[in-house]
Amino acid sequence: MSEDSSFIIVLVLLFSLLPILLPFLSWAIGRWYQGRLMDALVLNEKQNGVMLQNDQHLSTASSMTTMAAASSTLLHVSICVGPSMGQIFFMWFKSLFGGRLHSYDVVLDFGRREALLRLNQQAKDLGCSSMVNIRIETSTVSFAKNNKNKTSSVEFLAFATGIRQ
Amino acid sequence: MEPTSISMYMSNVETIPGMTIAKSLGLVTGSTVRAKHIGKDIFAGFKNFVGGELKQYTDLLNESRNEALQRMMMQASSMGANGIVNVRFATSNVAAGASELFCYGTAVIVQ
């Protein structure tokens with residue numbers, strides 16, 4: 001009997017504390033989940049992350065010095081990433097004091113590297129042997145219908161010209 | 001989206017590698033404004049609990065960007081061009097809940 005009632009009390013406490021616990025939970029799960037994503041990315045980069053390039057084609061140069069190309073194609077890839085709600089909540093705290101925002105660091109780093117990796121994969125799929133004029137653009141994308149909704153994300157667009165030889 | 005897909009030589013460098021430009025026809029642009037489906041928005045809100053990649057937004061932006069490119073190609077082909085060089089992309093938030101995807105380039109005739 002006493003066990004039953006204590007169980008109910010714990011349950012009620014848990015439900016009433018949920019709104020307070022939510023940011024913490026979101027923060028913790030976000031950190032764990034993004035850590036896993038990052039590990040997967042690092043593994044993927046090791047396996048097939050060697051960027052397509054050679055000595056004659058400079059990756060980010062806009063003009064090519066030597067033109068030994070059979071054909072070319074435009075490559076573009078974009079990815080939307082965002083930190084979790086809890087991380088946004090704590091970042092607001094952190095930004096009062098300034099300093100390094102670790103959560104954003106990780107998310108943005110992940111997004112950019114993932115975009116480059118996908119660009120590389122797209123180039124391989126289309127039979128390109130190298131890429132020139134790689135550009136990465138960053139923009140904030142918010143599809144939130146009202147300002148109360150803090151759902152915001154960052155879009156990374158990577159585009160390049162793929163060269164087939 | 002236009003069902004017909006036009007194939008065209010495109011690059012974001014000054015030339016089409018492997019080809020020579022015979023004639024330049026001037027600026028071509030393509031743009032599209034997209035808003036989010038509310039159901040998917042709620043789904044993305046759930047995903048926002050953990051962060052990371054927001055697949056719904058990624059898909060939406062890819063689809064819209066392809067449409068903008070498609071419109072640019074339509075404009076170029078109506079000018080009689082068969083290639084576009086110096087393609088640039090731009091994204092901007094025009095209103096709450098909507099995003100504009102814009103691309104522009106120079107239409108050329110290549111050989």
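**View 1. A salt bridge between R65(B) and E155(A).** In this predicted model, local features need pLDDT of at least 70 and side-chain atom pairs count only at pLDDT 80 or more, while totals for chains, interfaces and linings use all residues; side-chain values use heavy atoms, with hydrogens and water left out. Residues are numbered from 1 along each chain as its sequence is written, with chains lettered from A and ligands numbered from 1 in the order in which they are written. The closest N and O atoms of R65(B) and E155(A) are 3.1 Å apart, and a salt bridge here is a side-chain nitrogen of Lys or Arg within 4 Å of a carboxyl oxygen of Asp or Glu. R65(B) belongs to helix α2 of chain B and E155(A) to strand β3 of chain A, so the pair joins two chains. Helices (H or I, at least four residues) and strands (E, at least two) are DSSP runs, numbered from the N terminus.

View 2. How many salt bridges does the rule find across the interface of chain A and chain B? There are two, and over all chains the count comes to nine.

**View 3. The contact of chain A with chain B.** Chain A brings 49 residues and chain B brings 37 residues (contact means heavy atoms within 4.5 Å). About 3700 Å² is buried between the two chains, and carbon and sulfur atoms give 57% of that; buried area is the accessible area (1.4 Å probe) that two parts lose on being put together, summed over both. Nine residue pairs, both at pLDDT 80 or more, are in polar contact across this interface. A polar contact is a pair of N or O atoms within 3.5 Å; within protein, one must be able to donate a hydrogen and the other to accept it, and residues adjacent in sequence count only if both atoms are side-chain atoms. On the side of chain A that touches chain B, β1(A) gives the most, with 10 residues.

View 4. Two bridges join β1(A) to β3(B), residues 52-53. Look for G82(A), whose bridge partner in β3(B) is G52(B).

**View 5. Strand β4(B) and its partners.** Which strand of chain B does β4(B) meet in the antiparallel sense over nine bridges? That strand is β5(B), residues 98-110, where A107(B) stands opposite I84(B). Two residues lie between the strands of this hairpin, and G97(B) takes a positive phi near 90 degrees. β4(B) also runs parallel to β1(B), residues 9-10, joined by two bridges; here Y9(B) has G83(B) as its bridge partner.

Technical notes. Two strands pair if DSSP finds at least two bridges between them.
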